[in-house]
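Me: Could you take a close look at one residue here and the part of the fold around it? I'd like the contacts first, then the strands.

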Amino acid sequence: MSNPPSRGVIKMIFTNFINSLKPRQYKGNFVGEDYFGNKYYEIPANASLGQRRNQRWFEPTTKETYDQEITAEWEAWLRGRRKLPPTPEELAQNLAIMKMKERNAAELDQKYGKPKDVQELEKGRTGMGSFPEYEEYEVMPGKGKREK
């Protein structure tokens, strides 16, 4: 019977130490830009460093605001749901569809108007009074229909 080969723990520690001293890529490769002005970057995966996934991020147009808009195509690329970044033709086509939907919604709103429920909610009521009240439901649990 022969003994199984040992893993060489000292060798693994030494190779990991040497690999940690090798220069790494910190600046990403520019991949593209959307119509909001956000710029997208990527660092490819490096299996020798233990990275299995690409590092992807974006730089917003204004870094001070935290509610940035990202197109759905770029968000899917950032999260790894799609391998290739969206093409400019795909972005232009989806922007045209979005504008058409906004135009159609404005036409329908102008033609039919908004329902009364929506108008009441848009008046600016806040707090408990902003929720709709119905005659058949009680306001507080265990109380009558209009008792508070």
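Reply: Asp34 touches Tyr40, Glu69, Thr71 and Trp74, leaving out residues up to four places away in sequence (contact means heavy atoms within 4.5 Å). This is a predicted model, where local features need pLDDT of at least 70, side-chain atom pairs count only at pLDDT 80 or more, and totals for chains, interfaces and linings use all residues. Residues are numbered from 1 along each chain as its sequence is written, and side-chain values use heavy atoms, with hydrogens and water left out.

With Tyr40, the Asp34 side chain makes a side-chain polar contact of 2.9 Å (a pair of N or O atoms within 3.5 Å; within protein, one must be able to donate a hydrogen and the other to accept it, and residues adjacent in sequence count only if both atoms are side-chain atoms). Thr71 is 37 residues from Asp34 in sequence, yet their C-alpha atoms are 7.5 Å apart. Asp34 counts as buried because its relative accessibility is 6% (buried means under 20% relative accessible area, exposed over 50%, partly exposed in between, with a 1.4 Å probe and protein chains only).

S1 (residues 29-33) and S2 (residues 39-43) run antiparallel, joined by 4 bridges (two strands pair if DSSP finds at least two bridges between them). In this hairpin, with 5 residues between the strands, Gly37 takes a positive phi near 100°.

How values were computed
Helix = DSSP H or I, 4+ residues; strand = E, 2+ residues; numbered from the N terminus.
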